[in-house]
Amino acid sequence: MTKLLSVRDLHVGFGRDPKANEVVKGVSFDLEQGQTLGIVGESGSGKSVTALCINRLVDFGGGRITAGSINLARADGSVLDVAQADEKTLLGVRGRDVAMIFQEPMTSLNPVHTIGAQIAEAYRLSQGLTGAAADRASLDVLERVRIADAKSRLGYYPHQLSGGMRQRVMIAMALAASPRLLIADEPTTALDVTVQAQIMALLAELRAETGMSMIFITHDIGLVAGIADNIMVMQNGLAVEQNTTGAVLDHPQHDYTRHLLRAVPHFTAGAAVRSDGSRANTAEPIVRVDDLAVRFPIGKAWFAPRGAIHAVDGVSFDLMPGETLAIVGESGCGKSTTARALLGLNQRHRGTITAGAGNSSHPVQMVFQDPFASLNPRLTVEALLAEPAIANGRKRDAALRERMIFLLGRVGLPEESLTRYPHQFSGGQRQRLCIARALMLNPDVVVLDEAVSALDVSVQAKVLELLVDLQREFGLAYLFISHDMAVVERIAHRIAVMFAGQIVEMGEARAVLSAPQHSYTKRLIAAVPAIERRRQHFAVDMTQVPSLVRPPGYEPPPARWQQIGGDHLVREETAHEQN
Amino acid sequence: MAKMLAALFRHPSGRIGLVIIGLYLLAAILATLGLTPHDPLKLFAIDRLKPPSATYWFGTDLLGRDAFSRLMLGIRQSMFIAFASVAIATIAGTIIGLLAAWWGGLWDGLFMRIMDVLLAFPAILLALLIIAVVGPGAMTSIAAIAIVYTPIFARVVRGPALSLKQREFVDAARTFGSSQTYVLTHHLLLNLVAPLAVQVTLALAWALLTEAGLSFLGLGTQPPTPSLGLMLAESRNLMQHAPWLMIFPALTIMLGILGFNLTGDALRDILDPRTQGRQP
């Protein structure tokens with residue numbers, strides 16, 4: 001095998017003084033022809049900057065390579081030091097030798113051109129194809145990325161495609177130049193887990209077909225486990241460990257790698273569920289939701305609406321004191337709408353929500369996904385924490401201040417935080433603030449809407465621990481909304497799986513995760529990347545989510561439930577749902 | 001507030017703007033206290049149309065009144081009208097814009113269409129309309145300018161308020177039952193201070209100019225009370241014999257507008273969200 005890429009002692013800095021503001025501090029690695037390297041690290045570890053140096057896109061972000069060499073073997077057999085190359089040479093390298101796909105496929109595609117035109121453009125630039133030849137090549141490459149009905153899709157605009165389809169189009173554009181190296185920078189982070197599995201399977205198949213090398217950047221070590229030959233773990237601009245995938249995963253040498261593998265939630269199919277708090281049937285539920293439906297009317301005509309999005313359609317569940325019910329599902333399945341309806345933030349179309357006699361006038365409180373957006377940037381922490389109390393008629397007195405300091409301490413923040421503003425805190429600290437604020441009114445139920453999803457993996461683990469501690473201490477019930485099965489496994493007592501606005505399976509966490517019954521749950525769980533399952537082969541699964549737009553007057557067929565074991569309910573599937 | 005002034009003073013054009021505004025405010029205060037070199041209304045019959053001298057710094061007018069003293073009083077009059085009208089417009093426009101954004105739907109449509117109608121009138125035309133009803137005077141100028149600027153403030157407030165309304169911290173406030181007033185003042189208005197501050201400064205510059213225009217046409221301040229526009233109007237026929245009567249009021253108007261505009265630009269730089277992270 002020949003060396004495709006050899007990076008030696010790479011240093012990259014930003015700003016006016018790149019030497020002082022180094023982000024990458026001496027990274028070296030090699031990549032053989034046809035091999036895949038996974039670069040793993042948390043945000044700020046320098047993993048993306050390292051990859052952006054290989055095609056020198058880092059220059060456009062204000063970065064400067066201050067030392068080191070990047071030797072790339074080009075298609076004609078010559079070796080180029082990318083770190084020293086001029087812009088003209090680099091134009092030939094980008095696309096042709098090194099192609100790249102990014103995290104957010106919507107912003108990487110031009111919204112005013114059809115995808116056909118954009119792929120044809122890639123062919124014109126890289127191979128000089130024009131007219132019919134470019135169109136034919138575009139059609140070919142769309143079929144290669146497994147887009148069904150490729151001919152008509154060529155005339156589509158990016159907004160008409162789903163996120164997974166867009167990412168496939170991005171991959172098609174990258175393939176147009178038959179690159180020798182494909183850099184994928186968190187290509188599936190913005191996608192749902194089943195779509196992520198589709199893209200990962202596609203990338204693996206394409207690599208086998210074309211023999212290209214890949215550099216795969218991710219924060220999720222479980223995700224690269226199945227695709228990478230070698231793994232490089234980065235922390236604070238240094239490569240702390242690099243070796244073959246098997247060696248890194250099975251015999252990690254560096255503390256940080258061990259931390260990533262142990263402290264961070266990894267999906268284990270029900271083996272790591274909580275053992276405390278088994279459900280007592282005698283207790284009175286603290287919240288009971290019955291036949292909840294939320295609909296958003298669309299395209300209002302003069303007299304009658306032309307239909308509605310049935311975001312949530314006939315959802316029922318109950319929540320016992322001190323227990324965690326996790327609602328899992330993919331984007332658009334109605335899990336967040338359910339949570340918001342519980343708080344009265346969305347209008348209900350139908351259904352009842354009964355909150356049991358609690359110890360507060362606002363027994364249900366909520367923590368939102370984005371800790372940057374849910375705290376008013378112009379208020380001090382003191383004002384932010386006091387707001388729920390003031391809203392309920394309390395004075396800003398010494399007792400209130402004492403409670404604020406108590407809760408701050410409880411979530412692990414110092415008393416001095418009171419006079420500071422939200423932007424002076426990190427993401428994890430802000431989410432702690434949000435949790436403290438939600439506890440100000442002494443609620444019985446806290447709705448956590450993707451509350452740890454925006455956090456870095458190791459911060460995520462700490463916040464989850466805090467949530468479990470708080471649950472035990474205050475006897476809280478959690479409604480935990482998440483798309484992340486690994487996180488859900490750590491905190492849930494019971495799990496409800498939502499699909500297309502309805503609950504399709506509900507039951508004790510271990511039962512649902514280890515023995516899923518509904519076809520959607522099975523698909524969802526099979527798609528979760530896991531280190532233990534890295535040697536399994538996944539086929540490209542093309543199932544699409546059905547549309548939730550229904551004509552006026554549509555009512556879903558009544559759910560028929562099948563009971564499997566004590567507390568495990570599965571919705572019976574109609575023949576229509578199964579195909 | 002003190003922090004903002006300090007930041008303004010560090011900004012090069014902000015410093016010039018602040019100095020100019022400071023001088024104008026000083027002149028206005030001295031004029032109010034009667035501390036002018038001469039009585040601005042007193043006629044020095046023997047000293048008519050004197051050019052600038054040690055006694056009469058900016059010369060005298062056709063009736064023998066001291067131009068410098070009258071200019072000081074004119075600044076007071078113009079600044080008073082500008083500040084009063086912009087204050088009214090800011091308060092009215094902010095309330096209308098906030099409520100339009102918050103209530104949405106029909107209210108939004110109703111409020112903003114009324115604002116559109118008002119925006120269609122030039123200030124002078126609107127002033128004529130008001131004068132036809134109540135007669136000319138300083139109060140007429142204030143009313144006309146305030147009405148003209150209200151829709152501008154309503155628009156400046158409504159846009160960001162609409163996006164703030166969708167923010168998660170407003171949703172969060174709803175979940176713990178905060179009152180509408182609390183959400184409007186703490187979550188919306190507090191986040192609107194920066195765009196409003198810029199708009200207020202720039203509106204002051206325009207108000208100064210509009211006031212001068214109105215009194216130049218005889219629709220605003222009435223003689224013998226001096227105002228910048230009125231002094232310009234009086235100097236019109238004497239331009240060749242006594243150019244100082246025109247030059248000094250014109251320069252005063254120009255400098256005043258420059259002062260407010262420079263301050264406004266500096267404020268915009270300072271409050272720019274891209275540099276905001278550096279100061280709380």
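Reader: How many salt bridges are there between chain A and chain B?

Author: In this predicted model, the count between chain A and chain B is one salt bridge.

Reader: What makes the meeting of B:Asp171 and A:Arg340 a salt bridge?

Author: The side chains of B:Asp171 and A:Arg340 meet at 3.0 Å, taken from N to O. The rule asks for a side-chain nitrogen of Lys or Arg within 4 Å of a carboxyl oxygen of Asp or Glu, so the pair qualifies. Between chain A and chain B there are also nine residue pairs in polar contact, both residues of a pair being at pLDDT 80 or more.

Reader: Which elements of chain A supply at least two residues each to the side that touches chain B?

Author: They are strand E15 (364-367) and helix H13 (381-391) of chain A. Of what touches chain B on that side, H13(A) gives the most, with five residues. Sorted by class, the side of chain A that touches chain B has 15 nonpolar, seven polar and five charged residues.

Reader: How is the size of an interface often given?

Author: It is often given as the accessible area lost when the parts come together. Here the area buried between chain A and chain B is about 2000 Å², and carbon and sulfur atoms give 57% of it. In chain A, the residues that lose the most area to chain B are A:Asn376, A:Arg378 and A:Glu387, which together make up 30% of what that side buries. Counted by contact, 27 residues of chain A meet 20 residues of chain B.

Reader: What makes E12(A) and E20(A) a pair of strands?

Author: Two bridges join strand E12 (residues 308-319) of chain A to E20(A), and the two run antiparallel. Pairing requires at least two bridges, so this count meets the requirement. In E20(A), the bridge partner of A:Ile309 is A:Val549.

Reader: How many bridges join E11(A) to E12(A), and over how many do E11(A) and E14(A) pair?

Author: Nine bridges join E11(A) to E12(A), which run antiparallel, with A:Val289 standing opposite A:Phe317 in E12(A). E11(A) and E14(A) pair over five bridges, again in the antiparallel sense, and A:Asp290 stands opposite A:Thr352 in E14(A).

Reader: In what order do the four strands of the open sheet in chain A lie?

Author: The order is E14-E11-E12-E20 in chain A, with antiparallel pairing. Strand E14 (350-355) and strand E20 (549-550) of chain A are called edge strands because each pairs on one side only. Helix H12 (residues 335-342) of chain A packs on the sheet, where this helix touches strand E11 (287-297), E12 and E14 of chain A, and its direction makes about 115° with that of E11(A).

Reader: Why are A:Arg258 and A:Asp255 separated by about one helical turn?

Author: The separation is about one helical turn because A:Arg258 and A:Asp255 are three residues apart in helix H11 (residues 255-262) of chain A. Their side chains meet in a salt bridge at 2.9 Å, N to O, and over all chains the count by this rule comes to 24 salt bridges.

Reader: How many helices and how many strands are there in chain B?

Author: Chain B has 11 helices and zero strands, and from the N terminus on its elements run α-α-α-α-α-α-α-α-α-α-α. Taken along the principal axes, the C-alpha atoms of chain B fill a box of roughly 75 × 45 × 30 Å.

Key. Residues numbered from 1 in each chain as written. Chains lettered and ligands numbered in written order. Predicted model: local features only at pLDDT ≥ 70, side-chain atom pairs only at ≥ 80, totals over all residues. Heavy atoms only, no water. Contact = heavy atoms within 4.5 Å. Buried area = accessible area lost by both parts, 1.4 Å probe. Polar contact = N/O pair within 3.5 Å; in protein donor to acceptor, adjacent residues only side chain to side chain. Nonpolar A, V, L, I, M, F, W, Y, C, P; charged D, E, K, R; others polar. Axes fitted to C-alpha atoms, helices over the stretch in contact; angles between N-to-C directions.
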